[in-house]
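Open the model in your viewer and keep the sequence panel beside it. The tour below goes from one selection to the next and says what is there.

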Amino acid sequence: MSSFEPKNGIFDVSKYMKGERPAETKDFVMQQTMLRIKNPKKSLEFYCDVLGFKLVMYREFPQWGFTVYFVAPTDASNIPEGADAQWNYCMNLPGCIELTWNHGSEEEDGKVYNTGNADNTGTSDGEKVKGGFGHLGITVPDVYVACERFKEMGCEFQKSPNSGGMKGLAFLKDPDGYLVEILPQGPMISKAIDCMGVAADGGAGYKDNSK
């Protein structure tokens, strides 16, 4: 590994966009991100009913007290029958989220897991920690239209499309408080009023949510 010496907050990353992948990695798949969840029913309703993912595979481990659910943005017609076939499909499917339910967590009061964003959940002294994890992200054809639907479905917003300094993107909270960024599949545009009635003009600048 070489040393890291940025200049004025900038360093040249062009080399990482060029050339072939190492031959040994050509079949590697960025398959999953794992999130620990408190209530699987609420989480599956959010990721499947709100975001439009499908449950492609799940595994129950009662002997160890946990269950895992793999959700992904795919059509139900793509999901094969049978546990082995679903495993193979899932392990080769990019962009899955593994939702891990530790049995009994649903009975705890309040939030259970730290989201990584200036959160004091689970800390011994009650103080917020500077988290490393930030958010998940999906892209949609129209951020403003998507957010109108999210609002109608009762979703909690961390940021609506026009709030803050960066216009045209939003952040939802999932049932455990993890952030999901909503980005456009094309140019970043803004509309005069968003789903929460916030006007496009004005707004504060960037906020580092890790602090």
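Is Thr121 buried or exposed? Thr121 counts as buried, at 14% relative accessibility; buried means under 20% relative accessible area, exposed over 50%, and partly exposed in between, with a 1.4 Å probe and protein chains only. The model is predicted, so local features need pLDDT of at least 70 and side-chain atom pairs count only at pLDDT 80 or more, while totals for chains, interfaces and linings use all residues. Residues are numbered from 1 along each chain as its sequence is written, and side-chain values use heavy atoms, with hydrogens and water left out.

**Stop 1: around Thr121**

Stay on Thr121, in the loop between strand 4 (96-102) and strand 5. Helices (H or I, at least four residues) and strands (E, at least two) are DSSP runs, numbered from the N terminus. Show the side chains of Thr121 and Asp119: a polar contact of 2.8 Å joins them. A polar contact is a pair of N or O atoms within 3.5 Å; within protein, one must be able to donate a hydrogen and the other to accept it, and residues adjacent in sequence count only if both atoms are side-chain atoms. Contact means heavy atoms within 4.5 Å.

**Stop 2: helix 3**

Select residues 143-152, which make up helix 3. Val143, Tyr144, Ala146, Cys147 and Phe150 are its buried residues. They lie on the same side of helix 3 because they cover an arc of only 155° around the axis, the arc being that of the directions from the helix axis to the C-beta atoms. On the face turned away from this buried side, look for the exposed residues Val145 and Glu152.

What covers the buried residues of helix 3? The cover includes helix 1 (40-50), strand 5 (136-140), strand 6 (156-159), strand 7 (170-173) and strand 8 (179-184).

Now look at the ends. Asp142 caps the N-terminal end of helix 3, with a side-chain oxygen 2.9 Å from the backbone nitrogen of Tyr144. Following helix 3 is Gly154, with a positive phi near 85°.

**Stop 3: salt bridges**

Asp142 is partly exposed at 25% relative accessibility, and Lys191 is partly exposed at 32%.

A salt bridge here is a side-chain nitrogen of Lys or Arg within 4 Å of a carboxyl oxygen of Asp or Glu. By this rule the count is four.

Next, select Glu156 and Lys173, another salt bridge, at 3.6 Å between the closest N and O atoms. Glu156 lies in strand 6 and Lys173 in strand 7, so the pair ties together parts 17 residues apart in sequence. Both partners are partly exposed: Glu156 has a relative accessible area of 45% and Lys173 one of 25%.

Then move to Lys26 and Asp27, whose side chains meet in a salt bridge of 3.2 Å, N to O. Lys26 is exposed at 55%, and Asp27 is exposed at 60%.

**Stop 4: Asn8**

Finish at Asn8, in the segment before strand 1 (32-37). What is the phi of Asn8? The value is positive, near 55°, in a residue other than glycine. Most residues other than glycine have a negative phi. Asn8 counts as exposed, at 81% relative accessibility.
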